[in-house]
Amino acid sequence: MIFDCILTKSWVTSASRGTVKAHGGFNANDDAEVLFKAMKGLGTDEDAILQLLIARSNAQRQEIKAAFKTLHGNDLVDNLKSELGGKFESLIVALMTPPIMYDVTCLRDAIKGAGTDEKGLIEILASRLPNEVNEIKSLYKREHNDDLEEDVTGDTGGHFGRMLVVLQQGIQEDLIQSDAQALLAAGEQKYGTDEGQFITILGNRSNAHLRRVFEEYRKLSGYEIEESIQRETSGTLQEVLLAVVKCARSVPGYFAESLYNSMKGAGTDDQNLIRIMVSRSEVDMMDIRTEFRKRFATSLHKTIQGDTSGDYRKALQLLCGGDDA
């Protein structure tokens with residue numbers, strides 16, 4: 001249940017806003033041969049691999065994988081895993097995974113790994129489109145014979161878990177003003193906080209509706225909704241509520257901020273960095289770059305340059321698609 005509502009709230013973006021597009025004059029057999037030669041014999045031509053795969057759409061990569069199997073009898077992804085390593089291998093394997101399957105894999109890892117990756121759960125569930133959520137749930141069931149909603153709620157709890165459930169229950173539009181007044185009464189005007197009201201309204205409304213509610217809320221209270229959420233809630237519930245608000249305002253803006261946070265300070269959250277760069281490369285990376293430059297007075301390309309190295313950096317910068325300095 002967790003995904004429907006959070007996904008129905010997503011901002012629809014044209015595929016043309018991606019940096020990775022289908023390659024003209026594409027020939028799957030020719031590409032399969034290039035990759036075979038790049039991995040044949042001693043040493044591996046990592047540059048040839050990354051240059052080719054990032055210049056192809058995900059659908060074309062699936063055709064290359066099928067051609068490779070036909071021509072050489074081997075699984076292309078298995079061969080890539082045996083030839084590559086580290087973060088670069090993780091990135092290339094992610095690129096070779098169909099988008100819905102990649103989301104399923106990331107969600108399964110977030111739930112079944114050591115501890116719960118709340119950041120991964122929130123990011124995927126707060127930003128995917130309604131049809132994608134339905135596909136994710138169906139594929140998760142087929143792949144793992146488990147119910148995604150049950151797995152997610154079984155791995156989380158409290159108000160955070162409840163929000164994840166509500167986020168899957170579909171859109172229920174109320175009046176703009178009544179929603180804004182209900183949020184005000186549940187937080188700023190109440191001793192304590194009625195978390196249930198925040199969950200119900202933020203979890204069950206469309207992005208367009210929520211943007212108008214936020215404006216009305218600001219007029220009534222004098223506060224931005226983010227300020228009230230930060231004062232009235234905490235922990236993972238606060239994180240998922242803020243993610244929903246940010247996605248309602250701007251999905252590219254939400255991902256720009258997530259990318260910045262993945263690379264700021266000491267160390268890099270490579271798991272988050274790879275997930276966003278891969279999953280948004282054919283969706284809205286151009287818009288994410290624009291938002292990144294606007295918010296952080298530097299370019300995504302330059303930030304990647306300073307925070308990563310080697311073939312991993314080269315691949316990420318190709319996915320980024322250019323420098324907005």
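**Figure 1. Helices H12, H13, H14 and H16 are among the elements that cover the buried residues of helix H15.** The covering helices include H12 (176-186), H13 (195-203), H14 (207-221) and H16 (235-249); helices here are DSSP runs (H or I, at least four residues), numbered from the N terminus. The model shown in these views is predicted, so local features need pLDDT of at least 70 and side-chain atom pairs count only at pLDDT 80 or more, while totals for chains, interfaces and linings use all residues. Residues are numbered from 1 along each chain as its sequence is written, and side-chain values use heavy atoms, with hydrogens and water left out. In H15 (residues 225-232), look for the buried residues Ile 225, Glu 226, Ser 228, Ile 229 and Glu 232. Seen down the helix axis, these buried residues of H15 fall within an arc of 160°, so they line one face of the helix; the arc is taken from the directions from the helix axis to the C-beta atoms. Buried means under 20% relative accessible area, exposed means over 50%, and partly exposed is in between (1.4 Å probe, protein chains only).

Figure 2. Asp 179 is buried, at 2% relative accessibility.

**Figure 3. Arg 231 sits over the face of Tyr 223.** The distance to the ring centre is 4.2 Å. For a charge to count as over a ring, NZ of Lys or CZ of Arg must be within 6 Å of the ring centre and within 35 degrees of the ring normal.

**Figure 4. Tyr 140 is a buried residue of helix H9.** H9 spans residues 130-144, and Tyr 140 has 0% relative accessibility. Leaving aside neighbours within four places in sequence, Tyr 140 is in contact (heavy atoms within 4.5 Å) with Val 104, Arg 108, Ile 111, Asn 145, Asp 146, Asp 147, Leu 148 and Asp 151. With Asp 151, the side chain of Tyr 140 also forms a polar contact of 2.6 Å.

**Figure 5. Tyr 260 and Phe 296 form a stacked aromatic pair.** A search of the whole structure finds five aromatic pairs. In this one, the rings are 3.9 Å apart centre to centre, with 5° between the planes. Rings of Phe, Tyr and Trp (its six-membered ring) pair if their centres lie within 6.5 Å; planes under 30 degrees apart count as stacked, over 60 as edge-to-face and the rest as tilted. Tyr 260 lies in helix H17 (residues 251-263) and Phe 296 in helix H19 (residues 285-296), so the pair ties together parts that are 36 residues apart in sequence.

**Figure 6. Asn 145 and Ala 297 have positive phi values.** Asn 145, in the loop between H9 and helix H10 (148-155), has a phi near 55° and is exposed at 61%. Ala 297, in the loop between H19 and helix H20 (300-307), has a phi of about 55° and is exposed at 64%.

Note on methods
Helix = DSSP H or I, 4+ residues; strand = E, 2+ residues; numbered from the N terminus. Polar contact = N/O pair within 3.5 Å; in protein donor to acceptor, adjacent residues only side chain to side chain.
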